[in-house]
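Subject: the two-chain model

Hi,

Here is the structure I said I would pass on. Have a look at it first, and then read on for what I found.

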Amino acid sequence: MFKKTALTTALAAAALVPLSQAQAADYVIDTEGQHAFIQFKISHLGYSYILGSLEEFSGEFSYDPENLAASSASLEVDVSSLTSNHAERDKHIKSDDFLNVAEYPTARFASTGFEPTGEDQGVLTGDLTLHGETRAIEMPVTLLGEGEDPWGNYRAGFEGSTTLTLADYGIDMSSFPEPMHELELYVTFEGIRQ
Amino acid sequence: MWRNSTTGWGLISILLHWLSALAFVGLFVLGWWMTGLDYYDGWYNLAPWWHRSLGMLVLAVTLARLAWRFIQPSPALPGGRLERLAAHLGHVGLYALMLLVLVSGYLISTAEGDGIGVFGLFEVPALISDLPDQASLAGMVHWYAALALMGLAAGHALAALKHHWRDRQDTLVRMLSSRHVHSRR
């Protein structure tokens, strides 16, 4: 009697373990509830900044506090959703003078590794594909917070930023002043644990 | 003199026709030139300002022109049945392309909800905005509609010359002078 119960419990527990481990780690980025932002900041003539964002994207990540090195993230961005709050400028940025969205409508990021560097800190490495060119990038990221939300889900939120040299992605900025040759990318999102 | 009859164009139609011809060719050349300007060119911001301002005025004039065309009689078309049908379709095409090029241009600048300032005097509000990739798509339509309009307008001009020199008809002359309005011929 006792044996049988123990066996059943053990079997049930064994069956649950892989499932609960997977559940603990996998998150979908909450773009539906719009708790996710991809923004860029680029100099204008060296005098000030143009700020803009990419509004349509989706992604997921794995994050397990017990196994940080196994963390990963992937994002897919609809580049045509770029906006800097100026219709004609955005049309120009998306034209073949710069991002050529007609030919390269999607930008992607797929992580290749994660290295924890401190409490709630780490460096995410991965391949960024933009304008049809794929380059390895490093992005320092910070865990901003995690916990249960008021609606029955579990959330974890991060932010990270990195600087891209536009020439690396085949985007010719040579006719513009030096400060405009690179841009700062800032990403922050909340994921909902699956 | 001001109004049309079934034998000739009145002054208002003649004026609207040549004003449109000048405006559309001018806007086409201006648009082509300005989109190739270097970022550091002094006209980089000013040329589009003129293009937008003039375009909005031409849109208003074109709507008025279409209204005038509908409420006024039109001079009879010369030629056989097929030639008259071709002429009619050509004219409908010209009006359609004029509207398309004007509206698509308007949809570029208003794509993110901002209105279009006209010579800094007043602003045409944005009515349709935030459609997916609106500015780029409207821009593509704007370019091809403008190209098609220039092509069809060139055909229109050639046809007018053909009527004048080959057929010896008054088709071209009656778009130059309103005296055919009362012609008894």
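Before the interface, one cut-off: two residues are in contact here if their C-beta atoms, placed from the backbone, lie within 7 Å. Do keep in mind that this is a predicted model.

On that basis, the contact between the chains draws 12 residues from chain A and 11 residues from chain B. On the chain A side that touches chain B, two elements give two or more residues each, β4 (72-83) and α2 (87-94). The biggest share of that side comes from α2(A), with 5 residues. Sorted by class, the chain A side has 3 nonpolar, 5 polar and 4 charged residues.

Now chain A by itself. Its secondary structure comes to 2 helices and 9 strands, in the order α-β-β-β-β-α-β-β-β-β-β along the sequence. An unreviewed UniProt entry puts "domain: Lipid/polyisoprenoid-binding YceI-like" on residues 26-192 of chain A. That span is 61% strand and 5% helix, and its end C-alpha atoms are 8 Å apart. Of the contacts in chain A with a separation of 6 or more, 51% are between residues 24 or more positions apart. Of its 194 residues, 22% count as buried.

One residue I looked at in more detail is A:Tyr186, in strand β9 of chain A (residues 182-193). The C-alpha atom of A:Tyr186 is 6.0 Å from that of A:Phe40, although 146 residues separate the two along the chain. Setting aside neighbours within four places in sequence, A:Tyr186 is in contact with A:Gln39, A:Lys41 and A:Ser161.

On confidence, chain A averages a pLDDT of 91, and 88% of the residues score at least 70. Within chain A, the highest mean belongs to strand β2 (residues 36-44), at 98, and the lowest to helix α1 (residues 2-25), at 53. Over residues 16-23 of chain A the pLDDT is below 50, and this stretch has 2 contacts in the model beyond near neighbours in sequence. Where pLDDT is low, the predicted coordinates should not be read in detail.

Last, chain B. UniProt, again in an unreviewed entry, gives "domain: Cytochrome b561 bacterial/Ni-hydrogenase" for residues 9-177. In the model, residues 9-177 of chain B are 66% helix and 4% strand, with end C-alpha atoms 8 Å apart. The record also lists "transmembrane region" at residues 12-34, 49-68, 89-108 and 141-161 of chain B. Among them, residues 89-108 are 100% helix, with end C-alpha atoms 28 Å apart. Residues 141-161 are 100% helix as well, and there the end C-alpha atoms are 30 Å apart.

Cheers

How values were computed: Residues numbered from 1 in each chain as written. Chains lettered and ligands numbered in written order. Predicted model: local features only at pLDDT ≥ 70, side-chain atom pairs only at ≥ 80, totals over all residues. UniProt positions renumbered as here; feature names shortened; annotations may be inferred. Nonpolar A, V, L, I, M, F, W, Y, C, P; charged D, E, K, R; others polar. pLDDT = per-residue confidence, 0-100. Buried ≥ 20, exposed ≤ 12 C-beta atoms within 10 Å, placed from the backbone.
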